[in-house]
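Let's take a walk through this one, starting with a single side chain and then moving on to a sheet. Keep the viewer open as you read.

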Amino acid sequence: FERSMSFHIKKNYRKFQGLISFLIFSADYFNEGESLSEDSKLRFDTCQLLWQQMKSEAEELQEELNKNLFDKLIEFLEKSHLEFRKKSTNWNYQIKSREIPTAALVLGVNVTDHDLTFKGLTAMLRDTITPYVVSLQAKECPDVKHLLQKLASQVMGCHIDMESTEEEEEECVQLSQKKMHYSMAFLSTWYRNVTQKKGSESVNKKITSSSQWKKSPPIVIILKDIESFSTKVLQDFIIISSQYLHQLPIVLVLGIATSPIIIHRLLPHAVSFLCIELLQSLSCKEHLAKLLDKLLLTTRFPFKLNEKALQVLINIFLYHDFSVQNFIKGLQLAILEHFYSQPLSILCCDLPEVKRRIHSLSEDQCESIRRLPSFMRYVEKQTPEKQVASLTNERFLKELHIYHENFFIVLKCLHAFTSSLPKYPLGRQIRELYCACLEKNIWESQEYEPALQLLRMLAKDELMAILHKCVEVFRSSPGKQLGSTAEKLKEFLAQFQSLEESNEEENGSGSQQKGLQKTDLYHLQKSLLEMKELRSSNKKQTKFEVQRDKVVDMIDNLVRKYLFPPDTQTLYEVVYFTGAHTLREHLNAAPRIALHTALNNPYHYLKNQALKSEDDSIPNVAPDICIAYKLHLECSRLINVVDWSEAFATVVTAAEETDPNSTASEEIKEIIHARFIRAVSELELLGFIKPTKQKTDHVARLTWGGC
Amino acid sequence: MSGVQSRVSPSPWVTSRATLVASWLRTRAVLREWTLPPTLKFSGLGRFGEVLGAQCLAPRETLIVMSHLKQQKVKMLEVQFVGDDDVLNHILDKEEGAKFRKDRAQVLVNVKKLMKKQENDQDEDDQDDLKDENYVDILGADSQEYLKNGCVASGGNKVYSFQTRKKPEKMAELAYEIAKTSGKSVPLICKNTEKMASTPQSSKKQSTSEKDQLKSDEKNEFLSTPYRLRKRLTAVSTFPSDTESEYSDSNSEDDKGIKQEEEKISEVLMDQKRLTKHSSLSSSSCKKVSAKKMKKDTTTDLVEEYFEAHSSSKVLTSDRTLQKLKRTKLDQQTLHNLLSKFSPPFSAELKQLNEQYERLFHKWMLQLHLGFNIVLYGLGSKKELLEKFRASMLQDSVHVVINGFFPGITVKSILNSITEEILEHMGTFRSVLDQLDWIINRFKDDSSLELFLLIHNLDSQMLRGDKSQQILGQLSSLPKIYLIASIDHINAPLMWDHSKQSLYNWLWYETTTYRPYTEETSYENSLLVQQCGTLALSSLIHVFRSLTPNARGIFRLLIKYQLENEENPSYIGLSFQDFYQQCREAFLVNSDLTLRAQLTEFRDHKLLRTKKGTDGVEYLLIPIDTGTLSDFLEKEDKEA
């Protein structure tokens, strides 16, 4: 634990400095506002540390995944404007140079993740290729003028950033004063000046990777969200910039969320000015799978989600936004909630640290451990003498750690086996399998048996591929618990290989035997029938089949031995977050339902017996707005206010228990009317009705069947 | 072959050609693996594939049949239409020829790859579809959990079903029902209700009796409807004429009898239709139709209900107006006074609710600090709650409270208050975006800056625009700006698309308080509240004071002119040219450009409306009633 921490601190030293001062602030809020105990502070620190580690892990992953895409992009950039650099003047180039080199990045629908990608891209381009990287968003560029302005200021801005000498700054001030006159021509003269100056200055900049760029670095323009640009702006911009291609080496990078066809739809005419190269980013689903693998399916981070919570997060991902960033956000919330609400989460850290912390546990904490259901279950199973001794928790946590280690290895193996089965009885993605395993004993599920059946029919090459994968899994995992199994796997592999060789020999000899002579039809049929019989009687298993069954049995045994759900483990509460509904409530709320419930069934919130009612009706003592709402539900598109107010008054006077015969005083009537007015205007604020001119003294319904 | 069938018809939504092909390819894969004897695997598939390939685009129904056929064909391949030698060679090739096999296998591998690819695509779709069910399951499973802490399971169905056409007297009926729940006789409020209640009684009686009969024997009902309908119609037409005039549709108020009868007929017919549909539905459900079919039925039902509800543009409502009732509009002040005399019930429970929310304050602070922003939703004004939060938590930190419900609020004013009061910057900005950039840079440069933004009603008229939300979102995405906001409108979440939501980084908290929206609604042009109120006057004065002397003069001129023409019913405003002339004569402006500049200022404050007359001339009008205007002039004169 400490090692990883120090490593981390080294890496993000500056980040941590900021963090520490900030921790002191926010730790105050951690423990329900009570005086800050040592315990809650420690918990909060643990939480923050864990989160930071996970976050940087996720960021690293993102970088790694983007690397491929970026490499391709750089390659593309190197290729483009070759001619420009050579200052070649041949005719062919003259024609071609009307085309702007364009990289179309298809990034997928998860728009929220794009920002990070672009941020990484810009940083990388600045470091390796050119200082002139401009990123533009549609909302900044309502017309060409704004676009050019933004473009020019950013291009010149980065130049000034690069060599921030006094003299340049003055120039900058001058520039900003003439902001209104930006045009492509202006930009190109500026560019010529700068590059010439640089050429003579003999470059001393950090851009060293590609020497050919030194003289004339390209201007990379990133249009982050091509779909939201207006056609006219884009078209004009492209036509204009294509005219200046001789002087300015412009490269466009288009961020596409939908499909590449959009370019043609957006730019029916200007597309001929573009020389497009299509680059595809990794799909968000794969990204998620990798992320899960790095953050949850590992023993590196002690924190885990239970089945429901994970399911909620995955569902939000699959059905709402496909956004990995939001998934990470959900994970952050889960971690926070876990440490906030579970006092024992103090033990949710790495093993060596756990050892230390256990020794300093207070009485209360020990007591709360004893109260954990899983611990009580454990104690009940033990004999009384042992019960006394069983208070050292360390062992359990260690066991839990080992359990996880084995769990993930076996899980990955099982996934390797089942992910290629037809129909995917146990799910195609590892997350599905993981959820299933978290929920209950996987071997008791309906799909498990058929899956094994299918496994028993695998062809040899498939089986061997899977075994290779499994060996890979074992090799990559640090744990030594399942060493013997790994050995066994390798053994199997070797056997299969030898089998293959022998098999071929067999085949050779068998076929010679059966060489048939030419015969007539009758004999042929007969011999064929014989052969068929022979084959069916020969059904007893071949060597391969025997081996295959052994493999399947082995994996079955492994599964039964290791893949039991975590809630059977003692002290699992310490590391598993179980508040699925909190996640759903805070991340994926349903405000309309809440409003409807509050209006329709006030008892749900106000636990007063007077408000209790069966079925749909509400009692007449309910809050005014509920009554008004209920009454308005009875109307179609238009509501007569007079009728409404009278109906309202009927209900309310009945509730007030005034004597019906004594003519209610004018004042009470007035008050009721005022209450009605308030209820109506509140409904208007909530968006249920609106005033209408269709008929005098009417309002229009706006919801659910209105209008 | 049964396995194949179940695969080919996976779901009703597989319609496109591509998916058809894909599913067909899967069929092939299955055939290859499960139904063919191992030796025939390769040769069989070669032909098989060809034939099938040609059939790929056939409709799905035939596919199933075809696959049966194919299977037979495959079985016969060995002995059918081929000469002995060929067959023998054929078999021998396979049995012995390792190299031959390899060749074929290679070809196959290619095909296989292709197939696998498509398979994958298809399966992904399929799986997601399947997952839908899972999702619903999970939702359902969760709802129990939900019930414990915050939601009602039956909600969804009720919320999203369409409204069927309601009879006008329904509301009164319901009112009686609700009123009766206390179990005592209900007084009739006034004469009018009595009349209203009595008029529909005849029809009500009928309808209830009708209902009873319906329940008892539906079939009989259908047979007898024509007769009953006629009877009912006569009943309708024999209504006294004065009560009839109480009901009319919104479009043509004057024509009575005939049209109404028609309406009634159609209504009855519709009822009948609905009934038949229901009966057919129930009978079919008796026959245990699969769940899926049922679902389909209900959806079509929903669609038809929608069109029924919207079939005619006419809505039947009573014609009574507030004037007949002799209940004048109240103004804001009297309304407030009246309401203060009424104490809301369930104060204990409300307090309990509030305490429950107040316990969350620390958590909110923590989450705000960790980069989340918080949005509160649920029925009831959340202003008090946020006020309390501010008082207990934010005493020592810099914060800005924004009353979103205030009609004059703009994003510009929010940004201004940040730049001027928090960051103490005196300069001006060319545009809101520039200002935003400046703020962002300031916060980036100076890490000691921290700011809490409290926005009451983030979804108010003025702030709900796309641009405003974008700017606020960008502001809230700064790590050192903490936003806590409330929303009330039912459609408020529609303001945010995915990118805005990720900017805001919301955590949702339900805070149903049942508090009256006193302040929030007081600015609203409520239909029943008289608009002459003190508010208009005070805001008028406020704006007026901030004007330059010349502008005041201009505005005063316009007011005077409008007051002079008070009595003229056809007054549509002062034409721009006349007004310009007057202003010139009073030495208030020197060109019509300056006048126009002033007018824009007024227009921005909603003090002026311009209208094109029939002659194409611009007319200027102050959209404030004359009483307020004369009050205003009086006050101003006194001051001066």
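A polar contact here is a pair of N or O atoms within 3.5 Å; within protein, one of them must be able to donate a hydrogen and the other to accept it. Keep in mind that this is a predicted model.

With that cut-off in hand, go to helix α28 of chain A, residues 624–632, where you'll find His632(A). A polar atom of the His632(A) side chain sits 2.8 Å from the backbone oxygen of Tyr629(A). Is His632(A) buried or exposed? Its relative accessibility is 0%, so His632(A) counts as buried. As for who surrounds it, leave aside the neighbours within four places in sequence: His632(A) then touches Ile639(A), Trp644(A), Phe688(A), Ile689(A), Arg701(A) and Thr703(A), plus Met171(B) from the other chain letter.

Now hop over to chain B and look for an open sheet of five strands, paired in parallel and ordered β4-β5-β6-β3-β7. The edges belong to β4 (399–403) and β7 (506–510) of chain B; each has a single partner strand, so one side of each has no neighbour in the sheet. From one strand to the next, the twist averages 15°.

Zoom in on one pairing: β3 (residues 373–377) and β6 (residues 481–486) of chain B run parallel and are joined over three bridges. Within that pair, Ile374(B) has Ile484(B) of β6(B) as its bridge partner.

Methods. Residues numbered from 1 in each chain as written. Chains lettered and ligands numbered in written order. Predicted model: local features only at pLDDT ≥ 70, side-chain atom pairs only at ≥ 80, totals over all residues. Heavy atoms only, no water. Pairing = 2+ DSSP bridges. Helix = DSSP H or I, 4+ residues; strand = E, 2+ residues; numbered from the N terminus. Axes fitted to C-alpha atoms, helices over the stretch in contact; angles between N-to-C directions. Buried < 20%, exposed > 50% of the residue type's maximum accessible area, 1.4 Å probe, protein only. Contact = heavy atoms within 4.5 Å.
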